Amino acid sequence: MLISDLIKKDPTGLIARAARFAEKAHHGQFRKSGEPYFKHPLATAETLAAWHMDDVTIAAGLLHDTVEDTGTPLETIEKEFGKDVAFLVNGVTKLGHFKYRGEKQDPKHQAENLRKMVIALSEDLRVVFIKLADRLHNMNTLAALPPAKQKRVALETDEIYAPLAYRLGMYDLSGELQDLAFPFLHPKEHEWLIAHTREQYEARLAYLEKIKPDIERVLRAHDIVPLGIEVRAKRYSSLYKKLLRRNMEIGRVYDMVALRIIVATIPECYAALGIIHEAWPPVPRRIKDYIAMPKPNGYRSLHTTVIGPEEKTMEIQIRTQEMHDEDQYGVAAHWLYKEKNGGAISGKKLAEELTWVQQLKMWQDHFSGQSTDTAEMLQAMKVDFFQHRIFAVTPRGDVVDLPAESTPVDFAYHVHSEVGNTCVGAKVNGALVPLDHKLKSGDIVQILTQKGKKPSEDWLRFAKTTIARDHIRIALRSRNKVLAGSRPPAHCELKIAVDNRSSIVKDISALITRNHATITSFHYDDPKGSRYPFDRVMVQMSDKAKIEKLIAKLKTIPGVKEISYRIL
Ligand code: MN
């Protein structure tokens, strides 16, 4: 909702009063662009409103430059708007004095800067949201500044604010900040990119806009009403990074423009996937289930690439509103949903959250409401990250960020809980090591897994990270429960050996969906040496008779060779 609407709704409320106060305080001041200064705090507040922030934060956003730039005493802010607003304005003002040197910095120095920033911010996370909204508007109006200052602000944004947003899980904002900084930091590369991709971008955008109604129609025909379908262009800064990895061959980047479909529930995500595969054949090996297997940063969505009308490939992402908000607003979304669900975050979601964010929130709770002992907090942060972090690498080159003295077990759980649970051994830089081996930065770690294996109680002796320890405990507990005879979750795993026919995935998922079963994950596997590739499908089902009926139907699909199943 726009600030002007919020003011209309409650003309004497906190936001309305803050807006009038700020406009008056900044009266006669102008931005470098020539615009009245008040436009800047107003834009900052608009962004905060779009992030679903509370009234106090939005009011503080309107007032954030009054103390620094108009000489309004903080006491006046407190008297007029209360303690909370004054606290946030003061936090943002203090951060204004944080000087980023903007010279070439070694990573250690950069981490140190980021750490200082986080310490300042962790008193109240809402300060960071205001600062980020403030920076977003400054970046949007950067062209008005003299070139030397442009470069400094862009560098600071790229090295401090974008990583900070990323650390907070605000991936969309992080990407946007990087994109805004990109032309100022790499003008030549930016020019090249525009010259070489604009036409293709525009053609792809036009194509997807044209397809949108078709997708909506197909989904509605199966009683799925999408909450939204958006066409989404890949950011220039990340496209550039991807092109560097692909020898600058634009034809090899499939996801330059993607379609995002937002539906109401997780079962609808899988159903929509099945329906789309029924309408357009999927490209093999490009179906990614980040709902069953979230990315290490917590990202969830279904991805697929299909051959659309006119034989053109299109990438489609399917997610719920909650997943979408998490992707866009990060920590802010967690707060939003926490509030909606009456303060309770589900255990599963908590486990999926970044350790970093968990810790930040823990500290915030821990240190708010008591006289902040800076030394103690500093120590806590030093122990937990930045200072003592290691960066180990998967064989595929993904970096895993862990506290020092972490072991292969920690590494395995950070890759995925299932990898951790089934871990039986580890190789570090090619050599077998014991599971309590202490990893070092730069180690290439390969986890050896064995299906059906369970974690050992002994791991709790050396596992270092909260994520690993929590998962080990959960796995031990559920095993004890099974031993105690309680019912396991109602899931059935189907292993379907199939012909190498590209549309078979679509036929299988469509048939299962038509039979009102919920698919919770779908993996296509083509291991070397096996006669047929197979689909591994998890279905929410535990009734043997129903499963066998479903299997009989699946066997009528041409190309299905064998089906085995087990109830989990
Ligand atoms: Mn400002």
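Modeller: The manganese ion is held by four named donors: H40 through NE2, H64 through NE2, D65 through OD and D134 through OD, at 2.1 to 2.4 Å. This is a predicted model, so these are computed values. Along the chain, the donors of the manganese ion are spaced as H-x23-H-D-x68-D. Helix 3 (residues 39-50) carries H40 and helix 9 (residues 125-140) carries D134, so this pair ties together parts that lie 94 residues apart in sequence. Both H40 and D134 are buried, a term that stands for under 20% relative accessible area.

Helix 2 (residues 14-25) and helix 4 (residues 55-63) have axes that come within 8 Å and cross at roughly 5°. Because angles under 35 degrees count as roughly parallel, helix 2 is roughly parallel to helix 4. On the helix 2 side the contact is made by L14, I15, A18, A19, F21 and A22, which meet D55, V56, I58, A59, L62 and L63 of helix 4. The residues of this contact comprise 11 nonpolar, no polar and one charged.

Last, two loop residues. Most residues other than glycine have a negative phi. D223, not a glycine, has a positive phi of about 65°; D223 sits in the loop between helix 12 (187-221) and strand 1 (228-233). D223 counts as exposed because its relative accessibility is 67%. E310, also not a glycine, has a positive phi of about 60° and belongs to the loop between strand 4 (302-307) and strand 5 (313-320). With 48% relative accessibility, E310 counts as partly exposed.

Methods. Residues are numbered from 1 along each chain as its sequence is written. This is a predicted model: local features need pLDDT of at least 70, side-chain atom pairs count only at pLDDT 80 or more; totals for chains, interfaces and linings use all residues. Side-chain values use heavy atoms; hydrogens and water are left out. Axes are lines fitted to C-alpha atoms, for helices over the stretch in contact, and angles run from 0 to 180 degrees between N-to-C directions. Helices (H or I, at least four residues) and strands (E, at least two) are DSSP runs, numbered from the N terminus. Angles under 35 degrees count as roughly parallel, over 145 as roughly antiparallel, 65 to 115 as roughly perpendicular and the rest as oblique. Contact means heavy atoms within 4.5 Å. Ala, Val, Leu, Ile, Met, Phe, Trp, Tyr, Cys and Pro count as nonpolar, Asp, Glu, Lys and Arg as charged, and the others, Gly among them, as polar. Donors are N, O and S atoms within 2.8 Å of the metal (3.2 Å for Na, K and Ca); water is not among the atoms, so sites may look incomplete. Buried means under 20% relative accessible area, exposed over 50%, partly exposed in between (1.4 Å probe, protein chains only).
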